[in-house]
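Please look over the sequence and the structure below before reading on.

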Amino acid sequence: MLGAVYGDIIGSYYEVHSTKDYNFPLQKESTFTDDTVLTVAVCQAILNNPKNISVFDIRKRGYEYAVQYQAYYKRYPHAGYGAMFTAWAKSDELSVQKSYGNGGVMRVVPIGYAYDTLEQVLLQAKASCYYTHNHRETIAGAKTVAGSVWLALHGKDKKEIQTFCEKQFDMKLDVPIDSLREYISFDSRTNKSVPPSVIAFLQSNDYESAVRNAISLGGDADTMACTAGGIAEAYYKAIPHHIQSFCDSRIDFGLKTVIQRFRKTYADR
Ligand SMILES: [Mg+2]
């Protein structure tokens, strides 16, 4: 799941300084953002309670995810959250928000690592959206990404992953990346950013090219690279050394500790 965190870090600079250049340089100002913080919050919720749920537990399990989102927001309040999430996270009570933003999608990669069946992954993805993104579009996006990670980890090929994603979104994902690049601009709506992120992965050859594809679309760069990078790592099982050393020094110690615990429990098994 470091593939998601690294994608966020590399994309952070280009969220603000949008690029359409595939050969963009790694920028020294790069930093982790809300995508990483909330991905770690999901890791924490899973480490605290790794049990499977049934369809009747969505709300209860959703509450456990939501408590972690608020706790991590309070620990890292300046990580670039959206206005709607910030207002929700600051509030003393847990209300149910119906956002269709991609914030509910950027944090779900760990779910794909933690559970044994695709059915359980999809239930957990839905629960993770319950309090902040209770909207069918974001729930579909969260299922797409967590499910794709699970499929990749279980040896499914790109054709199978594509078919699964197309079913979730009811949308064809065979558009050539170069033609997508021509008309994409910043849009954090799930339906505008998640399908192109999946395409960025599908048309990649390795981890780095997935992240470069996602960022050079010129959209919501950190979140799109987090999403594409998360699936790409699960699929290719390798991240180049220069990317690891560039990003590792940019992750806060408190986040790194949870990531290491999560990886030891799930990703390295
Ligand atoms: Mg971000």
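The axes of helix 8 and helix 10 come within 11 Å and cross at roughly 170°, where axes are lines fitted to C-alpha atoms, for helices over the stretch in contact, and angles run from 0 to 180 degrees between N-to-C directions. That makes helix 8 roughly antiparallel to helix 10, because angles under 35 degrees count as roughly parallel, over 145 as roughly antiparallel, 65 to 115 as roughly perpendicular and the rest as oblique. The helices themselves (H or I, at least four residues), like strands (E, at least two), are DSSP runs numbered from the N terminus. Contact here means heavy atoms within 4.5 Å, and by that criterion Lys158, Ile161, Gln162, Cys165 and Phe169 of helix 8 meet Thr190, Asn191, Val194, Pro195, Val198, Phe201 and Leu202 of helix 10.

The model is predicted, and local features need pLDDT of at least 70, side-chain atom pairs count only at pLDDT 80 or more, and totals for chains, interfaces and linings use all residues. Residues are numbered from 1 along each chain as its sequence is written, and side-chain values use heavy atoms, with hydrogens and water left out.

Helix 10, which spans residues 190-202, also packs against helix 12, at an angle of about 35° and with the axes 8 Å apart. Helix 10 passes helix 12 in a right-handed crossing; a crossing is left-handed if the near helix is turned anticlockwise from the far one by less than a right angle, and right-handed if clockwise. On the side of helix 10 the residues involved are Ser193, Pro196, Ser197, Val198, Ala200 and Phe201, and they meet Met224, Thr227, Ala228, Ile231, Ala232, Tyr235 and Tyr236 in helix 12.

Helix 12 (residues 221-236) has a further partner in helix 11 (residues 207-215), and the axes of these two come within 8 Å and cross at roughly 160°. Helix 11 and helix 12 are therefore roughly antiparallel to each other, and their crossing is right-handed. Helix 11 contributes Tyr207, Ala210, Val211, Ala214 and Ile215 to this contact, while helix 12 contributes Ala221, Met224, Ala225, Ala228, Gly229, Ala232, Glu233 and Tyr236.

Not counting residues up to four places away in sequence, Gly230 touches Gly3, Ala4, Val109, Val149 and Ala225. Gly230 and Ile161 are 69 residues apart in sequence, and their C-alpha atoms are 14 Å apart in space.

Which residues hold the magnesium ion's protein donors? They are Thr33 (OG1), Asp34 (OD), Asp35 (OD) and Asp222 (OD), lying 2.1 to 2.4 Å from the ion, where donors are N, O and S atoms within 2.8 Å of the metal (3.2 Å for Na, K and Ca), and sites may look incomplete since water is not among the atoms. Along the chain the donors follow the spacing T-D-D-x186-D, and both Asp34 and Asp35 are buried.

The cysteines raise another point, namely how many disulfides the model holds. With a disulfide taken as a pair of cysteine sulfur atoms within 2.5 Å, the count comes to 0. The sulfur of Cys43 is 11 Å from the closest cysteine sulfur, in Cys226, which is too far for a bond. Cys43 counts as buried at 0% relative accessibility, and Cys226 counts as buried at 1%.

Asp170, in the loop between helix 8 (158-169) and helix 9 (177-183), has a positive phi of about 50° although it is not a glycine, and Asp170 counts as exposed at 72% relative accessibility. Lys237, in the loop between helix 12 and helix 13 (241-248), has a positive phi of about 60° although it is not a glycine, and Lys237 counts as exposed at 53% relative accessibility.

Finally, Ile58 is found in helix 3 (residues 58-75) and counts as buried at 9% relative accessibility. Leaving aside its neighbours within four places in sequence, Ile58 is in contact with Ile53, Leu123, Lys126, Ala127 and Tyr130.

Notes: Buried < 20%, exposed > 50% of the residue type's maximum accessible area, 1.4 Å probe, protein only.
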